[in-house]
Every structure is written in C-alpha cells, then in structure tokens.
Amino acid sequence: MTKTADAIVIGAGIVGASTAYQLARTGRRVALVDQGAGAGYGSSSASSGIIRFEYTLPTSVVVAWEASHMWADLRSYLQAPAGEELAEFHRNGKIMLDCPAFPRAALRAHFDALGIEYEEWDADELERRIGGIDAGKFYPPKPIDSDSFWDDPHGRLGAVYTPQAGFIDDPRLACENFANAARRAGAETLYRTEVTAITPVAGTPDSAGPAGATTWRVDTNTGAVLEAPLLVNAAGPWSPEVNALAGVGAEFAITTRPLRQEVHAVPAPAGFNPTGSIGPCVADQDLGYYLRPEPSGSLVIGGTEPECDQLEWVTGPLAEVNMNRTAELFDKQVTRAGRRFPALAIPPRPAGVVGIYDVATDWTPIYDKTAATGFFVAIGTSGNQFKNGPIIGEFMAAIIAATDAGADHDTVPVQYSGRVSGRSVDLGFYSRLRAPAANSGTVAG
Ligand SMILES: Cc1cc2nc3c(=O)[nH]c(=O)nc-3n(C[C@H](O)[C@H](O)[C@H](O)COP(=O)(O)OP(=O)(O)OC[C@H]3O[C@@H](n4cnc5c(N)ncnc54)[C@H](O)[C@@H]3O)c2cc1C
C-alpha cells in the first residue's frame with residue numbers, strides 16, 4: 001500500500017514532532033513516522049529537559065530565550081484543548097556556578113542585551129541562598145578515583161542565577177503534545193513503523209547523490225510505503241543511518257555521531273528544596289556535573305563532559321548499546337554532586353536512565369536543507385536542544401518554505417524573526433556547510 005503525502009518527517013522526538021506540527025499548519029499533508037510505540041521514546045524521553053539561557057554564542061542565547069516563551073505558553077502555542085494533559089515548564093530558576101567557559105562578563109552581556117533577568121551571587125550569597133551547598137572552588141574537574149579529587153578547595157566561587165530558567169517535567173509527554181498538535185493540524189502519525197529504505201523515484205540523480213530527486217519513496221518494516229516530495233530527517237541519534245539510507249550527506253562539513261549518557265536520581269540533600277517548593281537547577285562545571293530537581297523534590301544528576309572523562313561514543317549499532325545505567329557512571333556523577341552538597345545521601349540502589357544523543361562536530365545542531373532536492377535535516381542536537389524543540393519546528397518550516405519558493409538557503413540564509421526579542425536569527429548559523437562554531441565544545445554549547 002503506497003500513501004502519498006506532501007511531507008514525511010522521520011522521527012517523532014521533540015524535533016520531528018515540532019517540525020510536523022509547523023509543516024501541517026502550513027496546510028501540507030504530513031506523515032510523521034517513528035519506530036517507537038509513540039512520540040518521544042528516543043533521546044527526548046531521557047532528556048533532563050532543562051531550559052537555560054547560558055550559551056557561549058549570542059545566537060544560541062536568543063534562540064533559547066525565544067523558545068522558553070513558547071514552552072511557557074504551551075497550551076495556546078499548540079492550540080491544545082483544555083482537557084489535554086500537557087508537559088509543564090517549571091520556572092524554578094537555575095544557577096550557573098562560576099567557571100572559565102562561562103565568564104560572568106559574557107553572561108552579563110548576553111542577558112543585558114535581551115533583558116533576561118539575572119542575579120550575581122558571591123560565595124557567601126550562594127551559601128545563603130542554596131541550602132547545603134559548599135562554595136569551594138575545585139576547578140578543573142578531576143577523575144573521582146584520583147587523589148586530587150579530594151584536594152581541599154583552592155578558593156571560593158559564586159554563581160549567576162537566572163530565575164526564569166527551569167525545566168520541562170515530562171519531556172516524553174511534551175513530544176506527544178506536539179504530535180497531537182500536528183494531528184489536529186491534519187498530520188498522520190505512523191508509530192511502530194521503522195523506515196528501512198529511502199529511494200528517490202523521480203528526477204535525475206547526479207554524481208553527488210540523488211540531487212535531482214523530486215519524490216522520495218520511503219519503505220518501512222510494516223510494509224507501508226510512503227511517497228512525498230519533501231522529507232525531513234529528524235531521527236536523532238539514528239540520523240546518520242537515515243542519511244545513509246538516502247545516500248545523503250557527502251557535502252556535509254559538519255557531521256554527527258551518537259554519544260551514550262546517563263542521568264541518575266537521588267534524594268535531595270536536606271535544605272536544598274525550600275519549604276513548599278523546589279530548589280533551582282544547578283550547572284557545576286567546576287566539578288563536572290549538573291542537577292535539577294524533580295517536581296517531587298528528588299534530584300536528577302547528569303554530567304557536563306569534563307575533559308578528564310572518557311566520553312562513551314557509540315561506534316556500533318544503536319540497538320546494541322547498553323541501556324542499563326552503570327555503577328561506574330552513577331558513582332562518578334553522584335560523587336561529584338556530593339562534593340558540592342556534602343549532605344547528599346547516596347541511595348543504596350542506584351536509579352537512573354540511559355540516553356543517547358547525536359553530537360555535531362562543533363556541538364551546534366544542523367537545521368538545514370541538503371544537496372538532495374527535498375531532503376532536509378534537523379539533527380546533531382548535541383545534548384542541549386530539547387529546550388529549543390518548539391522553535392526548531394519553526395526554523396525547519398521557514399527553511400522549507402524559502403526553498404520551495406526558489407531561494408537558496410546556502411547562499412542567502414533564511415532569517416527568522418524572534419517574536420520576543422525582536423532579534424533576527426540567521427539560520428545559516430545551523431548550516432551543514434559552516435566552519436565549526438567557536439563555542440564551549442561541550443554539551444553546554
Ligand atoms: C540524558 C540526556 C539529558 C538531556 N538533557 C537535556 C536538557 O536538560 N536540556 C536540553 O535542552 N536538552 C537535553 N538533552 C538533549 C535533548 O534531549 C535532545 O537534543 C532532543 O531530545 C533530541 O530530540 P530529537 O527529536 O532530535 O531526537 P529523538 O528524541 O531521539 O527522536 C528521534 C526519533 O527518531 C526515531 N527514529 C530513528 N530512526 C528511525 C527510523 N529508521 N524509522 C522510524 N523512526 C526512527 C526514533 O525512534 C526517535 O523517536 C538531553 C539528552 C539526553 C540523552
């Protein structure tokens with residue numbers, strides 16, 4: 001059975017679901033395909049869902065700030081009915097402990113330019129405001145099994161607090177919310193449907209690949225066949241495989257590869273959560289971890305990829321990755337957090353989740369067209385783009401509309417106009433052909 005559509009979006013994570021929503025809103029017949037049992041069971045489900053505004057590059061700050069307002073008003077953004085349960089943006093604030101990658105002067109410049117609220121705290125204020133924290137400076141992060149990890153602090157540090165930051169409490173539900181919105185706008189969702197082949201069926205393929213294709217045929221493991229002139233690869237960590245199925249990617253200057261990650265759940269130390277509410281998210285590049293509270297008040301702890309740690313790049317099939325959390329990473333991340341919060345109790349039974357995200361050469365995503373006509377990519381989200389999920393759909397819709405209208409996004413990049421900041425975002429920032437972005441070179445972006 002062959003179904004024809006105007007657009008096929010492969011992947012119903014936050015990126016694909018958001019893209020499907022925006023494309024459907026323009027009147028296109030969209031097929032949103034995912035191998036999972038529903039939307040959001042890939043990297044999005046493992047996401048810590050933190051919404052923050054500290055990035056090294058101004059464009060990234062503008063984009064995160066714009067997207068945060070879309071999350072804040074999700075029901076109206078998605079035109080969701082009153083009865084639909086929605087993922088919630090908790091604005092519990094965030095502290096960024098002082099560290100060389102994010103000097104205060106740079107943060108001040110970004111935040112002042114956009115009117116993002118912030119407070120600067122010295123070490124005393126940090127200890128006054130965050131219950132149970134030790135303001136010692138330990139930088140750089142060290143392996144936890146090295147003697148130097150336990151060295152006394154060599155000074156004290158403060159933090160920059162952003163009260164409008166926070167987290168999305170259920171990233172998987174958020175994907176479902178976007179997929180539901182896409183359906184309300186007319187999209188069809190096909191779950192438990194793995195894309196197994198992608199073939200150009202019209203046009204004149206050239207030596208660089210199927211550049212002349214005008215229709216894409218997508219074969220799936222269910223026997224369903226889809227055809228559309230427009231295809232978006234939003235397959236997250238599987239995106240290199242999807243590009244390979246289509247023979248796309250030869251011209252990419254920026255490539256992506258999957259990275260395995262774990263986050264761990266622990267009870268919050270006494271005093272961390274103020275009475276009746278929850279404490280802020282914490283980014284601690286001084287020790288190499290981050291944490292965010294759960295709505296219940298317990299903590300989720302992840303890593304910030306400090307230089308002293310070996311990263312777990314996935315080189316074999318994703319299906320063979322160990323999706324059980326390991327004692328080694330649990331110890332590493334929780335011990336680092338315990339150095340900062342000495343009262344942190346280590347639970348007898350480690351708990352946590354494993355996730356995989358696709359990292360771009362320069363830790364900046366690729367939202368772009370490709371040399372193959374009608375084949376677009378929204379990939380390489382590098383562990384920090386859940387927060388931008390809503391706006392990514394708008395970016396992709398804008399690039400696709402401009403391309404449809406005959407523009408060449410490679411030579412005259414599409415400009416996106418921020419509705420909150422009034423800033424123009426040059427979407428060439430996310431080009432597959434760019435020189436590597438000069439950012440922190442880590443998940444922090
Ligand atoms: C542990 C962890 C913590 C994170 N914390 C944060 C955070 O605090 N803040 C933040 O902003 N970001 C965070 N991120 C990053 C963020 O979660 C990702 O950038 C984002 O979720 C990526 O979404 P995606 O839609 O591109 O990918 P995914 O959610 O992986 O979606 C891709 C989808 O494609 C489907 N698919 C793949 N191949 C095929 C195929 N052949 N056929 C059919 N379907 C296919 C998959 O089933 C999957 O559902 C974190 C990520 C992880 C793993």
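Domain bounds here come from an automatic or database domain assignment. What you're looking at is a predicted model, where local features need pLDDT of at least 70 and side-chain atom pairs count only at pLDDT 80 or more, while totals for chains, interfaces and linings use all residues. Residues are numbered from 1 along each chain as its sequence is written.

View 1. In total, 39 residues surround the ligand, and the closest are Gly 11, Gly 13, Gly 42, Gly 236 and Gly 355; a residue counts as near if its C-beta atom, placed from the backbone, lies within 6 Å. Helices (H or I, at least four residues) and strands (E, at least two) are DSSP runs, numbered from the N terminus. By type, the shell has 17 nonpolar, 19 polar and three charged residues. Ala, Val, Leu, Ile, Met, Phe, Trp, Tyr, Cys and Pro count as nonpolar, Asp, Glu, Lys and Arg as charged, and the others, Gly among them, as polar.

**View 2. Helix H1 is largely enclosed.** Eleven of the twelve residues of H1 are buried, so the rest of the structure largely wraps it up. Buried means that 20 or more other C-beta atoms, placed from the backbone, lie within 10 Å of a residue's own. Among the buried ones are Ile 14, Ala 17, Ala 20 and Tyr 21. After H1 comes Gly 27, with a positive phi near 95 degrees.

View 3. Leaving out residues up to four places away in sequence, Ala 182 touches Ala 17, Ala 20, Tyr 21, Ala 24, Val 30, Leu 32 and Ala 187; contact means C-beta atoms, placed from the backbone, within 7 Å. The largest nonpolar core has 125 residues, and Ala 182 is one of those with the most contacts inside it. Such a core is a set of buried Ala, Val, Leu, Ile, Met, Phe, Trp, Tyr and Cys residues joined through C-beta atoms within 7 Å. Helix H3 (58–72) gives this core its largest share, eight residues.

**View 4. Domain 1 touches domain 2.** The domain centres, taken over C-alpha atoms, are 30 Å apart. Domain 1 brings 20 residues to the contact and domain 2 brings 23 residues. On the domain 1 side, H3 supplies the largest share, four residues.

Key
Contact = placed C-beta atoms within 7 Å.
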